[in-house]
Amino acid sequence: MARKRPLLIFDSGVGGLSVLRPIRALLPTAPIVYAADNAGYPYGTKSEAEVAARVPALLGRLAERFDPELIVIACNTASTIALDAVRAALDLPIVGTVPAIKPAAVLSKSRVIGVLGTNATVRQPYVDRLAAEFASDCTVLRHGSAELVGLAEAKLRGERTDPRAFANILAGLLSQPQGDRIDTIVLACTHFPLVEEELAATAPRPIAFVDGKEGIARRTAWLTRDHEWPDEPGEGVAVFTRRSPEIEAYRPGLASYGLTKVEAL
């Protein structure tokens, strides 16, 4: 029997696991390769030129090695900067990740929305265009946090995190002018849904947190609707782009997502 081509889910770190979970729910037997670019992590503090140069070339190497049916760029920073270049370079379906401003605007009653992402994502003109198109009657406030990416990574390694850190990060949004009216926050980094509970627990009032992972899963399922997946799920593979002793600390967390085989590119 021919080998079934996998879905390749890509991020700079473990944030894309938040996208993997709903994909697994819709496509439970699809072979999965999860690629974490720990050699390039974090993307959110890099320049646009660095991300644009790195991501298409790296995904080309990954596609050559694993021959995926489809690639999910489960990273807002990589998607907002390099998605078009990746699609131009690779002859296979590519699903990107964009800040969920449209559903946030539908949900918000106060018409003041927060966008919490990496520094690189929140400054992108693409975010301006999304806000203009889907939230033109809203005030859209933004805050970039590299620290929150690190907290999500630490959580998957099983490390304890300080609730005060989450409160301080939220304050970066809520303390801005009109920030006291924010009722909906877009989690514009795939790492951030991994710590949504921690953010909600330290929020000074009830706030809705919105992200795009369910839409990404539906799009992935639609694009592979004619593909015949195996009858039973196989061993999920996690691939890191650099060998590091730190990888061992991720193994239990990765296994909880069905990624029981860990290797380096």
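Colleague: Start with C189. Buried or exposed?

Modeller: C189 is buried, with a relative accessible area of 7%. Buried means under 20% relative accessible area, exposed over 50%, and partly exposed in between, using a 1.4 Å probe and protein chains only. Before you go on: this is a predicted model, where local features need pLDDT of at least 70, side-chain atom pairs count only at pLDDT 80 or more, and totals for chains, interfaces and linings use all residues. Residues are numbered from 1 along each chain as its sequence is written, and side-chain values use heavy atoms, with hydrogens and water left out.

Colleague: Where is C189 found?

Modeller: In the loop between β7 and α9 (196-202). Helices (H or I, at least four residues) and strands (E, at least two) are DSSP runs, numbered from the N terminus.

Colleague: And what does C189 touch?

Modeller: N76, L116, G117, T118 and V149, not counting residues up to four places away in sequence. Contact means heavy atoms within 4.5 Å. C189 and V122 are 67 residues apart in sequence, and their C-alpha atoms are 9.7 Å apart.

Colleague: How many disulfides are there?

Modeller: The count is zero, with a disulfide defined as a pair of cysteine sulfur atoms within 2.5 Å. C75 is in no disulfide, and its nearest cysteine sulfur, that of C189, is 6.6 Å away.

Colleague: How do C75 and C138 come out, buried or exposed?

Modeller: C75 counts as buried because its relative accessibility is 6%. C138 is buried too, at 12%.

Colleague: Switching to the sheet. What order do the four strands have?

Modeller: The order is β6-β5-β7-β8, in an open sheet with parallel pairing. Two strands pair if DSSP finds at least two bridges between them. β6 (139-144) and β8 (208-210) are the edge strands, each pairing on one side only. On average, neighbouring strands of this sheet are turned by 25° against each other, direction ignored. Axes are lines fitted to C-alpha atoms, for helices over the stretch in contact, and angles run from 0 to 180 degrees between N-to-C directions.

Colleague: How many bridges join β5 to β7, and how many join β5 to β6?

Modeller: Five bridges link β5 (residues 112-117) with β7 (residues 184-188). Six link β5 with β6. Both pairs run parallel. I113 has T184 as its bridge partner in β7, and I113 stands opposite V140 in β6.

Colleague: How many residues of β5 are buried?

Modeller: Six of the six, so β5 is largely enclosed by the rest of the structure. V112, G114 and L116 point one way from the strand, while I113, V115 and G117 point the other way.

Colleague: Which strands does helix α8 lie across?

Modeller: α8 (residues 163-174) lies across β5, β6, β7 and β8. The helix runs at about 145° to β6.

Colleague: Pockets next. How much space lies in the largest pocket?

Modeller: About 360 Å³. On a 1 Å grid over the protein atoms alone, a pocket is an open set of points where a 1.4 Å probe fits, with protein on both sides within 12 Å along at least five of seven lines; lining residues have an atom within 4 Å of a point. Grid points are joined across faces, edges and corners, and the volume is the space filled by probe spheres set on the points.

Colleague: What phi do D67 and R111 have?

Modeller: D67 has a positive phi of about 50°, and R111 has one near 65°. Neither is a glycine. D67 sits in the loop between α2 and β3 (70-73) and is partly exposed at 36%. R111 lies in the loop between α4 (101-107) and β5 and is partly exposed at 23%.

Colleague: Last one. Which residues is S12 in contact with?

Modeller: A36, D37, N38, Y41, Y43 and H191, leaving aside neighbours within four places in sequence. S12 is in the loop between β1 (7-11) and α1 (17-26), and counts as buried at 5% relative accessibility.
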